[in-house]
Amino acid sequence: MLRFVAWRLAGLVPVLGIVLVATFLATYALPGDPVLVMLSDHSSNVEMANRLRAEYGLDQPLWKQFFNYIAGVAVGDFGMSYRYVRIPVVEVLSDGIKISPILALAALAAAASIGVGAGILAAIKRNSGIDTAIILILVAGLSIPNFAFATFFVYLFSIKLGALPVAGWGRIDQAILPVAILAIPSAAYIARLTRTFMLEVLGQDYIRTARAKGLAERVVIARHALRNILVPLLTSMGIIFGGLISGTFVVETIFNIPGLGRLAIDSVFARDYPVAMAIVMLFTAFFVLINLAVDVAYAIIDPRIRQRMGVK
Amino acid sequence: MRVLAKAFAGFLMLAAVATAADAKTLRINVTGDPAMLDPITYSELVAGRVLRNVYEGFTDFTPDGKIVNVLAESWTALPGEHGFRFNLRKNVKFHSGRAFTAKDVKYTLEQLAAPDTKAGIGAGYVARIVGIEDVKSGKTKELSGVKIVDDHTIEIRFTKPDVLFPIYPIWFMDSGIVADKGADWVRTVSAGTGPFKFKEWRRGAFVEIDANKEYWGNKAKIDGVRFLVIPNGDTALAQYEAGELDVLDVQESTIRRVMRDASKEKERQVVPRAQSRFLAMNPQVYAPFKDKRVREAISLTINRDGMIRGFYDNAAFQLHGITTPGVAGYFNDLPKPKYDPEAAKKLLAEAGFPGGRGLPPIDISSTAVFKDELTYYANELNRTLGMQVNVNVVERATFIRAMNAGEVAFFPWGWTSGYPDAMYYLEQMWHSKSPYNRGRWFNAKYDALIDEATATVDDAKRFQLYRQAEMVYIDDVGAAPLPMVASIALVKPNVTGARATPFGFDRFVFAEIK
């Protein structure tokens with residue numbers, strides 16, 4: 001098991017390397033010279049432009065800039081922010097990094113519990129009124145974009161009812177709406193998957209055997225059916241989590257949460273490339289780590305996979 | 001479970017403490033974090049919003065553009081020389097408790113010139129002081145043109161006349177701060193004399209300033225100001241509506257909603273921004289613009305009243321020439337630009353281009369925020385004058401570089417004033433020697449009037465020179481004036497003294513929460 005984890009962690013290095021090269025070249029190719037952005041109205045001031053270029057190492061050839069950047073990243077130095085005077089990128093990120101993962105994980109937990117519950121309920125009550133109602137809600141959850149939900153929820157809960165704050169971060173009540181909005185599409189997706197898998201499993205011979213043994217329906221569902229759909233469900237969790245991460249860009253902007261998603265958007269607009277690049281790297285690492293966690297979870301749930309991995 | 005309950009109770013207490021502390025703290029939105037919070041590197045809008053309440057200069061100005069003396073009690077021109085002698089206010093203390101003296105003035109000016117400080121806007125204001133080049137090049141740290149006479153008297157000499165020096169927003173800082181708190185002082189304290197002092201900056205969330213209890217002047221009536229970082233305009237409006245903001249600086253995306261909402265009329269403040277807007281016609285790039293009749297025809301084709309209603313929902317005002325209201329040297333009786341398509345057609349025909357025939361095609365360019373306007377001009381000029389105009393939207397920094405280099409033929413743009421005197425616009429925008437004369441309209445008579453004005457200390461005399469220069473610009477159609485966009489603010493009924501001005505918000509020292 002440890003060897004497996006170590007191997008996968010080593011795999012992180014080439015993935016991050018490729019992302020690093022790609023983002024570095026992409027920011028270089030984007031229109032908008034960062035020095036001109038910093039100078040703004042004073043871009044005809046050659047003396048100032050040269051000074052800034054030298055200060056940020058932008059006067060060196062591209063390959064050298066890239067090498068310097070890699071050398072810095074290797075020791076955890078992502079350079080200086082272009083936008084904030086004399087503030088290192090690591091410091092700009094330090095607050096957001098405590099927020100976005102929590103937001104995404106909370107939404108994942110909410111989405112998984114609601115989604116799996118609704119999916120099982122719909123499968124058990126197949127073709128009933130409850131099933132139809134759940135499917136209707138699922139379709140709405142999947143097809144209505146989350147910014148539309150957000151606007152509606154804010155209007156209803158914050159402005160009309162005054163029950164929840166409109167925006168911000170730091171108190172529990174400020175987290176309710178953003179987590180809910182972020183969770184909705186994922187919850188709907190998980191519920192749909194659960195319902196489909198569940199229906200398939202419920203038709204299997206071993207379920208019939210379990211029922212024939214005289215086991216209570218609760219035990220049949222929880223121990224025999226649910227456990228068998230966990231592996232395909234977990235597979236999709238990695239993808240779902242990717243969706244949640246990109247969802248934070250929208251939700252953090254709407255609810256004004258100072259996380260990495262909002263910061264990423266702000267820094268792209270402000271041409272603060274070092275910050276934007278660092279966020280892309282962070283999200284990549286995060287995404288890879290979550291997928292690793294999913295793989296490890298397989299092994300815990302399914303003894304067959306554990307065996308294939310050579311884990312005892 | 002008990003742990004959870006304890007944690008929850010803790011949260012509630014925190015929330016309660018926060019509410020109690022916020023009771024008299026004014027909450028207002030800003031679009032982003034400030035890029036810096038010190039008066040030397042200061043170079044952008046959000047930082048200016050905060051710093052204006054924390055630091056002070058020789059003078060300040062009222063919402064209608066009147067100059068008031070702040071750290072300078074008085075000043076006199078040095079006889080026979082370019083320069084001033086300033087008498088500084090006594091019994092003024094910095095936030096550190098140290099006394100404000102002439103030494104701090106000299107220190108601030110030297111910091112603005114020093115090669116390693118990355119000085120921002122302020123660097124432009126010290127450019128004419130004697131000895132500035134030696135400090136900039138690192139040859140010396142001492143600014144030879146600044147002479148400390150005694151603790152409260154200082155003389156400043158210039159290489160060229162600089163009659164507006166006393167009103168430049170140069171914010172003085174505590175010369176002892178680095179020795180006391182280290183080079184990183186700005187993270188923990190402020191080094192000004194203003195009615196508020198730095199309290200906390202939580203990046204991405206807010207900047208908070210506290211009332212300065214030791215302030216030398218009339219003290220603030222509120223406990224502090226919290227500038228909440230809210231990049232999204234719709235979110236900011238929703239927060240205002242839900243009572244999470246006391247003052248809303250209305251953003252572009254919500255202007256329409258705010259202007260059309262009759263229920264907000266009492267809370268709404270609409271003032272023209274100190275930004276001079278124009279449609280530039282560069283004769284060096286597009287030869288037909290050398291003919292005044294072509295420029296005038298284009299100006300006559302623009303329906304400004306229609307634009308103010310259609311584009312801006314009445315949140316805009318007619319600009320007659322160059323200078324905007326709320327700026328000293330503004331005259332409200334200059335002739336208003338006319339809308340007359342028939343006269344425009346006639347003029348273009350007289351210039352040798354009847355129905356636009358013979359005019360080479362031209363791009364009208366600007367940044368994405370001008371997109372709708374560009375389309376309007378292109379359509380209108382094509383329909384009325386038969387000109388072939390293509391719309392070209394360019395990335396901002398690239399576009400500014402091209403304008404500065406004089407490469408852009410035809411573009412709408414604005415120039416925001418840094419201090420409330422018309423000289424800012426008149427000299428920087430259209431003097432032939434200015435690096436910011438982006439339309440490349442050159443007029444010798446205009447130059448001569450402005451040169452004379454820069455050496456005229458007497459306000460009334462100088463304003464008459466401004467007026468003559470502005471008339472030259474209007475008569476020669478240096479560019480086509482465009483409507484001034486408004487700053488719009490919403491202020492809750494229980495807040496008084498928070499005023500939107502052409503230069504952003506007035507100092508919050510006058511604000512009160514009932």
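The following paragraphs describe the chains, contacts and selected residues of a predicted model.

Chain A contains 14 helices and zero strands. Its pattern along the sequence is accordingly written α-α-α-α-α-α-α-α-α-α-α-α-α-α. The C-alpha trace of chain A extends over about 85 × 55 × 30 Å along its principal axes. Chain A has 312 residues, of which 34% count as buried. When contacts in chain A between residues at least 6 apart in sequence are considered, 71% join residues at least 24 apart.

One pair of packed helices in chain A was examined. Two packed helices are described by the angle between their axes and the distance between the axes. For helix 8 (residues 146-160) of chain A and helix 9 (residues 172-202) of chain A, the angle is about 145° and the axes are 10 Å apart. The crossing of helix 8 of chain A and helix 9 of chain A is right-handed. Helix 8 of chain A contributes A:Asn146, A:Phe149, A:Ala150, A:Phe153, A:Val154 and A:Phe157 to the contact, and helix 9 of chain A contributes A:Leu177, A:Ile181, A:Ile184 and A:Pro185. Of the residues in this contact between helix 8 and helix 9 of chain A, nine are nonpolar, one is polar and none is charged.

Apart from neighbours within four places in sequence, B:Ala469 is in contact with B:Leu426, B:Tyr446, B:Leu449 and B:Ile450.

Between the two chains, 31 residues of chain A are in contact with 28 residues of chain B. On the side of chain A that touches chain B, two or more residues each come from helix 2 (34-39), helix 8, helix 11 (217-254) and helix 12 (260-269) of chain A. This side of chain A is made up of 15 nonpolar, nine polar and seven charged residues.

In chain B, three strands form an open sheet in the order 17-13-18, with antiparallel pairing. Strand 17 (410-416) and strand 18 (479-481) of chain B are the edge strands, each pairing on one side only. On average, neighbouring strands of this sheet are turned by 30° against each other, direction ignored. Strand 13 (residues 275-281) of chain B is joined to strand 18 of chain B by three bridges, and the two run antiparallel. Opposite B:Phe278 stands B:Pro481, in strand 18 of chain B.

A:Gly17 is found in helix 1 (residues 2-29) of chain A. A:Gly17 is classed as exposed because 12 other C-beta atoms lie within 10 Å. The C-alpha atoms of A:Gly17 and A:Met281 are separated by 9.3 Å, although these residues are 264 residues apart along the chain. A:Arg271 lies in the loop between helix 12 and helix 13 (273-301) of chain A. Phi of A:Arg271 is near 55°, a positive value in a residue other than glycine. With 23 other C-beta atoms within 10 Å, A:Arg271 is buried. Phi of B:Arg440, likewise a residue other than glycine, is positive, near 55°. B:Arg440 is placed in the loop between helix 14 (423-430) and helix 15 (444-454) of chain B. B:Arg440 has 19 other C-beta atoms within 10 Å and is therefore partly exposed.

Note on methods: Residues numbered from 1 in each chain as written. Chains lettered and ligands numbered in written order. Predicted model: local features only at pLDDT ≥ 70, side-chain atom pairs only at ≥ 80, totals over all residues. Axes fitted to C-alpha atoms, helices over the stretch in contact; angles between N-to-C directions. Helix = DSSP H or I, 4+ residues; strand = E, 2+ residues; numbered from the N terminus. Left-handed = near helix turned anticlockwise from the far one by under 90°. Contact = placed C-beta atoms within 7 Å. Nonpolar A, V, L, I, M, F, W, Y, C, P; charged D, E, K, R; others polar. Buried ≥ 20, exposed ≤ 12 C-beta atoms within 10 Å, placed from the backbone. Pairing = 2+ DSSP bridges.
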